[in-house]
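Here is a short report for a reader new to this structure. Have the sequence and the 3D view open as you read.

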Amino acid sequence: MPTEEIRVRGTVQGVGFRPTVYRLAKACGLYGDVCNDGQGVLIRVSGSEEALTEFVARLQTECPPLAKINQLTRIACEGEFNFNNFVISNSVNSAIKTEIVPDAATCPQCQQEIFDPFSRFFRYPFTNCTHCGPRLSIIRAIPYDRCNTSMSAFVICPECAKEYHDVENRRFHAQPVACHVCGPTAWLERADGKSVTASMFSMLDDVDAVCTLLQKGEIVAIKGLSGIHLACDATQETVVQKLRQRKRRYHKPFALMARDIEIIEQYCTVNAKEKELLTSSAAPIVLLQATGKKLVAPSVASGQNTLGFMLPYTPLHHLILRRMNRPIILTSGNLADEPQCIDNDEAKEKLGTIADYFLFHNREIINRVDDSVVRVIGDKVQIIRRARGYAPASISLPPGFDNVPQILAMGSELKNTFCLLREGEAILSQHLGDLENAAAFNAYQETLNLYLNLFEHTPEVIAIDKHPEYLSSKLGKELADTNQISIHQIQHHHAHIAACMAENGIPLNSPPVLGIALDGLGYGDDSTLWGGEFLLADYQKFQRLATFKPVPMIGAEQAIYQPWRNTYAQLIAANLWDNCQQQYADLGIVKLLNKKPLKLLNQLIEKKINSPPASSVGRLFDAVGAAIGICPEECSYEGQAAIAMEAIVDVSSLNNDKETLIYPFSFSFSDSIYCIDSCPMWQALLYDLQQQIPQPVIAAKFHKGLANAIVEMVKHLRQKNPIHQVALTGGVFQNCILLQQVSKRLETLGIKVLTHSLVPANDGGLSLGQAVIAAAKLIHKY
């Protein structure tokens, strides 16, 4: 009988793959063995041709829930083969080429057990099995065996060991398997150091007591799967305001968790796709449309028409929320902009003045992983923050990238991720935050070292952003110098476009696409700041065909957080300020600007002092928002004004095709590049303000006008360039109204539209683009 060696690569360790192989091999009457090694899973098997064919087919169709087969190869088995049965063999250490599985939400079977009084896992907050539980958050090395995780600190009891070794059991080789007898424990502490006694609450246990504390209006720090969160009742305005003040997070929306879909549906509409995401093994935060029928506290998400909800994704959360009939806030346990706490002692030090109580446990979190954030636009998922549940699952690269050397891409400054490229796949790190914060930058370096070790990744090339002051770029240069390897500097918006191309499977040698990259800013090839770009691009190179008219960012970074600066710069650039003084002096925005040191600001612009010109569409949104009264003085986070303006858009005006409900933009050509000028838009907007046109109508007219201007520019560029595909990318295209308006108009022209669904459109996806551009240049070179 034929004997084969079957190699399976992909997400195949720690997901119940070997028991599935065992069950199918037995069912097909085969002999041999299966084991984990550094490349994935190795199967040696003997049987008839028909049985082998059936086995391989069923292996792919009956894959375990968390498994993903990227590659399956079959070769004739050479050497000694002495099996008269099928067995599961021990793991083999070898070169690391397999994947690490993302953390997975509690499966339905484990949920049932923790609420079953007759189960030995009744009310056990760390119940898990092969189909769910911690993975990335507890791993130190691979293969993914217990000794290489933080569960190595817990000696498995006989009952758990029996299930662990039973190939027919759901917990067969589930590395974090544990129970009340042998596993981690959770306990409650007061932040003021006083003792907590059971008589205080008369609850079942400390975990159950947390629910009572939340109902009473307390703030509790909860150590969860991959980080510590701060929780409170989302319906009590007083406690929500208290949390904002203590955490110093004054405006950014809070994430919510609810016990079940039924509670979420009291506050938001949930369509089938959104429900699928909420209940998936990734269990992300899903941005949902608020109904207004039942309200959370006003300051949960002030000025928003969406709420970010997630369902419980660990037994701990399920147990806490069992008696909770309303949503809770569950936000990262940190001070504003710092990394989330993961250590008990660190939490006491940093969160002691925020939380009233702590719910701790003694299972070490090795890797900090934030909650993922997603949104459904149309019928497509858009990932806004890729972290828990998604990272570090690999992304298969398009045809042509099969045999590239190992490449490390360092990402950006904000919303950072890094990317490892190897053998036709990209491994993106979890969201690592804004590196301008020192603690975040330190965490970035620690996570980078961990990934390089976990995946035994030795980069031959490092790709960085061209911005000379990005900390990720500086670190990349240091690593390149230290290890004497080459470095590639990648233009920011080219990387955005390449990331969109890569996740949409555009082959390496495809004709260029037109990439439209709209964001806050990125360092341009001409050493100016770009942020509204039309680039004809493939993976190797790009040509800048058009842009938005550059406008000074008065005060540079200050302009990101003080939107009025952008409004004034736009009015000056449009030569409208003198007219504003004469014709629109009574407008609120004009009165506000007249209180500013305009003489000094004018000098900064004229002398080009700390006022770099930028073609940023993100800053244009800020300028318009401030002009109509949205966050005119100050924003506490980038894009706050733009998000608030999207939320108030008048739907009836948006769906009305009258030309009078679309703001005009003009077009010009100079220095070999086309330019979109917002001057006519400002003239019309100022007139509308004077006529007291409502904010929502103005917001709709701006969105429609901007979308129309973008599409008109595409029409113009098509006359001289073969454009059949357009990639929409950059943080501005997280605005679902703009994305839908532009996509719909382009599709009516017969143009295929590429958007993001696997990686964020914002800078969180930038490292993927950097990596594939560096790879393409290497392939082209040789």
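## Helix H10

In helix H10 (residues 344-351), the residues Asn344, Ala347 and Leu351 are buried. Seen down the axis of H10, these buried residues fall within an arc of 60°, so they line one face of the helix. The face turned away from that buried side carries Asp345 and Glu349, which are exposed. This is a predicted model, and the values below are computed from it.

What do the buried residues of H10 pack against? Their partners are strand E6 (186-190), strand E7 (220-223), E8 and strand E13 (357-361). The N-terminal end of H10 is capped by Asp343. A side-chain oxygen of Asp343 lies 3.1 Å from the backbone nitrogen of Asp345.

## Helix H6

Helix H6 spans residues 237-247, and its residues Val239, Val240, Leu243, Arg244 and Lys247 are buried. They cover an arc of only 145° around the axis, which puts them on the same side of H6. Against strand E8 (228-233) and strand E12 (328-332), the buried residues of H6 find their packing. E8 is also among the elements that the buried residues of H10 pack against.

## His703 in helix H23

His703 is part of helix H23 (residues 695-718). Is His703 buried or exposed? Its relative accessibility is 0%, so His703 counts as buried, the cut-off being under 20%.

Its side chain has polar partners. A polar atom of the His703 side chain lies 2.8 Å from the backbone oxygen of Ala699. The side chain of His703 also makes a polar contact with the side chain of Asn735, at 3.0 Å. Leaving aside neighbours within four places in sequence, His703 is in contact with Phe621, Met645, Glu646, Val649, Asn735, Ile737 and Leu738.

## Backbone points in loops

The table sets them side by side.

| Residue | Phi | Loop | Relative accessibility |
|---|---|---|---|
| Arg123 | about 60° | between helix H3 (108-114) and helix H4 (158-165) | 7% |
| Gln692 | about 60° | between helix H22 (679-690) and H23 | 69% |

Arg123 counts as buried at 7% relative accessibility, whereas Gln692 is exposed at 69%.

A cis peptide bond runs from Ala391 to Pro392, with omega near 5°. Pro392 has its place in the loop between strand E15 (380-385) and strand E16 (395-396).

## Cavities

How many cavities of 30 Å³ or more does the structure hold? There are four.

The largest cavity has a volume of about 110 Å³. Its lining consists of 17 residues, and Pro125, Leu225, Thr314, Pro315 and Arg363 lie nearest its centre. By type, the lining of the largest cavity divides into nine nonpolar, seven polar and one charged residue.

The second largest cavity holds about 90 Å³ of space. It is lined by 14 residues, with Gly14, Val15, Gly16, Arg18 and Asn36 closest to its centre. Helix H1 (residues 17-27) gives the most to this lining, with three residues. The lining of the second largest cavity divides into six nonpolar, seven polar and one charged residue.

How values were computed:
Residues are numbered from 1 along each chain as its sequence is written. This is a predicted model: local features need pLDDT of at least 70, side-chain atom pairs count only at pLDDT 80 or more; totals for chains, interfaces and linings use all residues. Side-chain values use heavy atoms; hydrogens and water are left out. On a 1 Å grid over the protein atoms alone, a cavity is a set of points where a 1.4 Å probe fits but cannot get out, and a pocket is an open set with protein on both sides within 12 Å along at least five of seven lines; lining residues have an atom within 4 Å of a point. Grid points are joined across faces, edges and corners, and a volume is the space filled by probe spheres set on the points. Ala, Val, Leu, Ile, Met, Phe, Trp, Tyr, Cys and Pro count as nonpolar, Asp, Glu, Lys and Arg as charged, and the others, Gly among them, as polar. Helices (H or I, at least four residues) and strands (E, at least two) are DSSP runs, numbered from the N terminus. Buried means under 20% relative accessible area, exposed over 50%, partly exposed in between (1.4 Å probe, protein chains only). The arc is that of the directions from the helix axis to the C-beta atoms. Contact means heavy atoms within 4.5 Å. A polar contact is a pair of N or O atoms within 3.5 Å; within protein, one must be able to donate a hydrogen and the other to accept it, and residues adjacent in sequence count only if both atoms are side-chain atoms.
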